[in-house]
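Dear colleague,

I am passing on the structure we spoke about, and below it you will find my notes on what came out of the analysis. Please read them with the model open beside you.

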Amino acid sequence: MKEISVQTHARFEMIDITAAVQKAVRDEKIESGIGLVYTPHTTAAVTINENADPDVPRDILAALDRAVPLSANYRHAEGNSAAHVKSSLVGASEMVIIENGRLILGTWQSIFFCEFDGPRTRKVYISFKF
Amino acid sequence: MKEISVQTHARFEMIDITAAVQKAVRDEKIESGIGLVYTPHTTAAVTINENADPDVPRDILAALDRAVPLSANYRHAEGNSAAHVKSSLVGASEMVIIENGRLILGTWQSIFFCEFDGPRTRKVYISFKF
Amino acid sequence: MKEISVQTHARFEMIDITAAVQKAVRDEKIESGIGLVYTPHTTAAVTINENADPDVPRDILAALDRAVPLSANYRHAEGNSAAHVKSSLVGASEMVIIENGRLILGTWQSIFFCEFDGPRTRKVYISFKF
């Protein structure tokens with residue numbers, strides 16, 4: 001298992017971690033297989049989406065904020081219930097395919113760490129051990 | 001593949017199944033690797049989130065109910081369309097990392113079975129066979 | 001890795017690809033294990049849900065459209081931001097269990113390719129190589 005650190009800078013943020021995942025594939029000398037990209041946090045998530053236009057992650061974060069508003073009669077006293085909900089909607093992990101030592105992503109796909117309750121220093125685990 | 005049974009008690013409910021998954025890891029003598037926690041139902045889901053404060057799962061269930069209301073001109077005649085939608089949003093499975101015979105979860109992470117159309121007797125499959 | 005092609009016919013559509021995934025299991029002679037069903041697109045997704053009543057996928061697509069409307073002050077200029085959001089909510093992949101050469105799905109479970117910005121010709125990757 002490789003661990004990477006992600007520093008977030010805003011309450012809501014999507015950070016492209018594709019290069020770090022590709023580096024883990026290279027460091028672990030994975031020729032082909034499947035990798036798990038997993039975050040151990042409950043107010044964050046991992047997703048795959050487009051990064052060619054930075055407006056795509058911005059629109060995703062805004063749409064999530066509309067569907068799950070920050071304030072909505074939540075009972076959890078820490079004030080970050082919306083972040084917990086988004087974490088379960090987007091999900092703690094993604095699976096990626098590796099061939100010839102490289103991630104097999106679609107043309108427009110990047111792997112993102114999603115921050116829903118930042119800014120914080122966060123962790124992502126990458127495992128190829130099945 | 002290990003199968004566990006989950007008895008739910010309400011229409012909407014999140015039940016912490018972390019101990020049962022950890023027991024499966026032990027029973028199968030998995031030293032390190034990755035496990036799949038999967039539910040074979042279409043009105044339920046598996047997610048990872050916080051259980052330290054029971055208000056977190058309550059807030060998640062309430063937020064899902066607001067985003068996907070029980071009544072909304074659905075066509076499916078069984079009256080549980082919202083449960084099907086939530087099942088696809090939260091997802092049928094989660095992947096977990098195992099090291100030294102133990103689940104590698106974040107400090108606040110628990111594995112939950114999510115009931116969206118209970119109460120029912122439900123199943124969860126746990127597989128380490130990749 | 002097996003690649004299958006999916007032709008979609010509408011802006012929003014869920015297409016049952018269970019038979020194609022089962023065929024890949026057979027073609028690859030997978031006796032038991034886990035399979036990854038993955039789409040390399042950022043305005044599509046893979047999910048598992050009920051197909052016995054075709055109103056279930058219709059209700060899911062309609063509920064997603066209500067939760068993430070097509071028009072909502074998006075910044076991404078291509079007009080398909082809602083599709084990107086739905087892709088991250090439903091997710092790019094699903095994991096399935098295989099035993100005795102067959103998919104272990106629940107009674108009501110089918111595997112669906114979800115089109116959120118069609119019609120298009122799309123791809124799905126199926127990998128058993130862990």
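**Strand 3 of chain B**

In strand 8 of chain B, B:Tyr125 is the bridge partner of B:Tyr38; helices (H or I, at least four residues) and strands (E, at least two) are DSSP runs, numbered from the N terminus. Before going further, please note that this is a predicted model, in which local features need pLDDT of at least 70 and side-chain atom pairs count only at pLDDT 80 or more, while totals for chains, interfaces and linings use all residues. Residues are numbered from 1 along each chain as its sequence is written, chains are lettered from A and ligands numbered from 1 in the order in which they are written, and side-chain values use heavy atoms, with hydrogens and water left out.

Strand 3 of chain B and strand 8 (residues 121-127) of chain B run antiparallel and are joined by three bridges, where two strands pair if DSSP finds at least two bridges between them. Strand 3 of chain B also pairs with strand 5 of chain B, again in the antiparallel sense, over six bridges, and there B:Gly35 stands opposite B:Val96. In a regular strand the side chains alternate between the two faces of the sheet. In strand 3 of chain B, B:Gly33, B:Gly35 and B:Val37 point one way and B:Ile34, B:Leu36 and B:Tyr38 the other way, all of them buried, which is to say under 20% relative accessible area, with exposed meaning over 50% and partly exposed in between (1.4 Å probe, protein chains only).

**Where chain B meets chain A**

The contact takes 29 residues from chain B and 26 residues from chain A, contact meaning heavy atoms within 4.5 Å. Between them, chain B and chain A bury about 2,500 Å², 59% of it on carbon and sulfur atoms; buried area is the accessible area (1.4 Å probe) that two parts lose on being put together, summed over both.

One salt bridge is found across this interface of chain B and chain A, and it joins the side chains of B:Asp55 and A:Arg75 (3.3 Å, N to O), the rule being a side-chain nitrogen of Lys or Arg within 4 Å of a carboxyl oxygen of Asp or Glu. On the side of chain B that touches chain A, strand 3 (33-38), strand 4 (44-50), helix 2 (55-67), helix 3 (81-90) and strand 5 (93-99) of chain B each supply at least two residues, and helix 2 of chain B gives the most, with nine residues.

**Where chain A meets chain C**

Here 29 residues of chain A are in contact with 26 residues of chain C, and the two chains bury about 2,400 Å² between them, 58% of it on carbon and sulfur atoms. The side chains of A:Asp55 and C:Arg75 meet in a salt bridge (3.3 Å, N to O).

**C:Glu115**

C:Glu115 lies in strand 7 (residues 109-115) of chain C, and it counts as buried because its relative accessibility is 0%. Leaving aside residues up to four places away in sequence, C:Glu115 touches several residues, among them C:Thr8, C:Phe12, C:Leu61 and C:Arg120. C:Glu115 and C:Tyr38 are 77 residues apart in sequence and 13 Å apart in space, C-alpha to C-alpha.

With kind regards
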